[in-house]
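Colleague: I would like to learn how to read this model. Please take me through it feature by feature.

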Amino acid sequence: MYLTSLAEFERKFIKKFFPSITEQQWINPLWQMQNRFTKLTDIEPFISLPNKQNINELEQRLPFAVTPYYLALTYADNINLQPIFIPTKQELQKDSYTFTDPLSEEVHTKDTAIVHKYPNRVLFLLTNQCPVYCRYCTRARFSGKDTIITKEKQATALAYIQDHTEIEEVILSGGDPLFLPDTLLLSILQEIEKIEHIRYIRIHTRTPIVLPYRITEKLGSILAKINKPLWIHIHVIHTNEITPAFQKAAKLLRQAGIGLFSQTVLLNQINNTHTELHTLIQALLSSGIRPYALYQCDLIQGTKHFRTPLKQGIELIQSLKKNTSGIGIPHFVVEPPEGKVTLAPNNIIDETNESFILRAWNDKQTSYPKEKN
């Protein structure tokens with residue numbers, strides 16, 4: 001069992017809306033999942049819904065779900081986070097440059113669970129389910145519309161990985177891999193570890209943010225059984241998501257010997273300022289998590305209202321370098337259908353016959369000589 005004292009936002013929410021439950025029930029991940037809100041109308045007692053006339057159409061585009069924990073977090077003090085999981089009519093807008101499959105994954109899908117887009121690594125999609133569905137989801141085309149991977153699909157996927165010796169890395173994704181029961185997750189990890197040419201494994205998840213009580217000592221002990229390098233990439237959007245429960249979850253994972261990285265999607269009016277990203281990075285580093293990637297929101301149909309100008313991401317990376325530790329500067333990544341592109345500020349301003357003219361961290365010009373043989 002996950003043991004912690006509840007944050008004030010949790011206590012207030014429980015007192016107002018779940019007065020009959022105990023704290024032990026609240027921190028039980030099974031209770032959280034059993035009491036997940038899976039219809040927009042379910043949250044009307046908590047949040048005023050602005051788009052009642054479009055509910056059916058919005059839920060058909062991408063199912064709705066939110067855990068009591070994450071709803072509590074966003075209920076009063078953090079309403080700026082509500083657009084992450086509450087749909088708006090803007091999602092129904094279509095344009096010519098967005099896609100249902102913006103990363104062109106279906107072209108590279110080798111069976112129903114493996115996406116082999118890059119030569120030395122594959123995505124292993126274990127489930128289409130998540131505790132909370134983010135409205136900017138890259139895989140909105142199938143998220144929430146299926147269940148956990150079957151034994152047959154699992155066997156086919158593992159056989160594909162076994163047969164392709166060029167694959168060095170397996171990335172468990174979905175959906176959210178931590179949606180799986182502990183025993184199934186361990187079984188899959190152990191089968192992957194047996195494949196000799198696999199050097200390391202990644203798990204991509206948002207569960208520690210939206211359902212931190214899922215990260216138990218038992219899960220930590222299971223993950224610690226994997227001997228090959230194992231990293232967990234946590235999808236985090238905003239500083240306010242770094243709660244005591246999340247920090248406890250991160251600590252449990254670190255104690256299990258898991259390397260922790262973060263990935264953040266840049267979202268308009270939610271986290272696209274220097275102040276917010278700097279504060280988030282500081283909170284992540286203090287939690288033992290290395291910021292890895294800042295993603296431009298993918299070109300998914302219905303997400304134009306989330307996207308920021310591409311240049312803004314580059315400018316934010318440049319500004320972060322002025323007052324952020326070097327280990328906290330993430331890669332800024334955009335992913336058109338052809339594949340990932342890492343963008344960075346151009347710090348070569350000019351060059352002469354004798355030297356390069358460079359931009360330093362504080363925007364001042366400096367130079368570096370051209371050495372001659």
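Colleague: In what order do the nine strands of the open sheet run, and what is the pairing?

Modeller: A caution comes before the answer. This is a predicted model, so local features need pLDDT of at least 70, side-chain atom pairs count only at pLDDT 80 or more, and totals for chains, interfaces and linings use all residues. Residues are numbered from 1 along each chain as its sequence is written, and side-chain values use heavy atoms, with hydrogens and water left out. Now the sheet. Its order is 1-2-3-4-5-6-7-8-9, and the pairing is mixed. Helices (H or I, at least four residues) and strands (E, at least two) are DSSP runs, numbered from the N terminus. Two strands pair if DSSP finds at least two bridges between them.

Colleague: Which strands stand at the edges of this sheet?

Modeller: Strand 1 and strand 9 (341-343) do. Each has a single partner strand, so one side of each is left without a neighbour in the sheet. On average, neighbouring strands here are turned by 25° against each other, direction ignored. Axes are lines fitted to C-alpha atoms, for helices over the stretch in contact, and angles run from 0 to 180 degrees between N-to-C directions.

Colleague: How many residues of strand 5 are buried?

Modeller: Start with the general idea: in a regular strand the side chains alternate between the two faces of the sheet. Strand 5 (residues 230-235) is mostly covered, with five of its six residues buried. Buried means under 20% relative accessible area, exposed over 50%, partly exposed in between (1.4 Å probe, protein chains only). Strand 4 (residues 200-205) runs parallel to strand 5, joined by five bridges. Among the bridge partners, Arg202 meets Trp231 in strand 5, and His204 meets His233 in strand 5.

Colleague: How many bridges join strand 5 to strand 6?

Modeller: Five, and the two strands run parallel. His233 has Phe261 as its bridge partner in strand 6. The chain gets from strand 5 to strand 6 through helix 10 (residues 244-255), in a right-handed β-α-β crossover. Right-handed means that, with the strands pointing away from the viewer, the path from the first strand over the helix to the second runs clockwise.

Colleague: What is the order of the open sheet of three strands?

Modeller: The order is 10-11-12, with antiparallel pairing. Strand 10 (348-351) and strand 12 (365-369) are the edges; each has a single partner strand, so one side of each lacks a neighbour in the sheet. Strand 11 (residues 355-359) and strand 12 run antiparallel, joined by five bridges. Phe356 has Tyr368 in strand 12 as its bridge partner.

Colleague: Which charged end sits over the ring of Phe356?

Modeller: That of Lys370, 5.2 Å from the ring centre. The rule is that NZ of Lys or CZ of Arg is within 6 Å of the ring centre and within 35 degrees of the ring normal. Arg121 likewise lies over the face of Tyr118, at 4.3 Å from the ring centre.

Colleague: How many aromatic pairs does the count come to?

Modeller: A pair of aromatic rings is described by the distance of the centres and the angle of the planes. Rings of Phe, Tyr and Trp (its six-membered ring) pair if their centres lie within 6.5 Å; planes under 30 degrees apart count as stacked, over 60 as edge-to-face and the rest as tilted. The count is 18 aromatic pairs. One of them is Phe13 with Tyr75, edge-to-face at 5.6 Å centre to centre and 70° between the planes. Phe13 is in helix 1 (residues 8-17) and Tyr75 in helix 5 (residues 68-75), 62 residues apart. Phe13 is buried at 2% relative accessible area, while Tyr75 is partly exposed at 22%.

Colleague: Which residues form one aromatic cluster with Phe13 and Tyr75?

Modeller: Phe17, Phe18, Trp26, Trp31, Phe37 and Phe46.

Colleague: How many disulfides does a search of the whole structure find?

Modeller: A disulfide is a covalent bond between the sulfur atoms of two cysteines. The cut-off is a pair of sulfur atoms within 2.5 Å. The search finds zero. For Cys134, the closest cysteine sulfur is in Cys137, 7.2 Å away and too far for a bond. Cys134 is buried, at 9% relative accessible area. For Cys297, the closest cysteine sulfur is also in Cys137, at 10 Å, again too far. Cys297 is buried too, at 3%.
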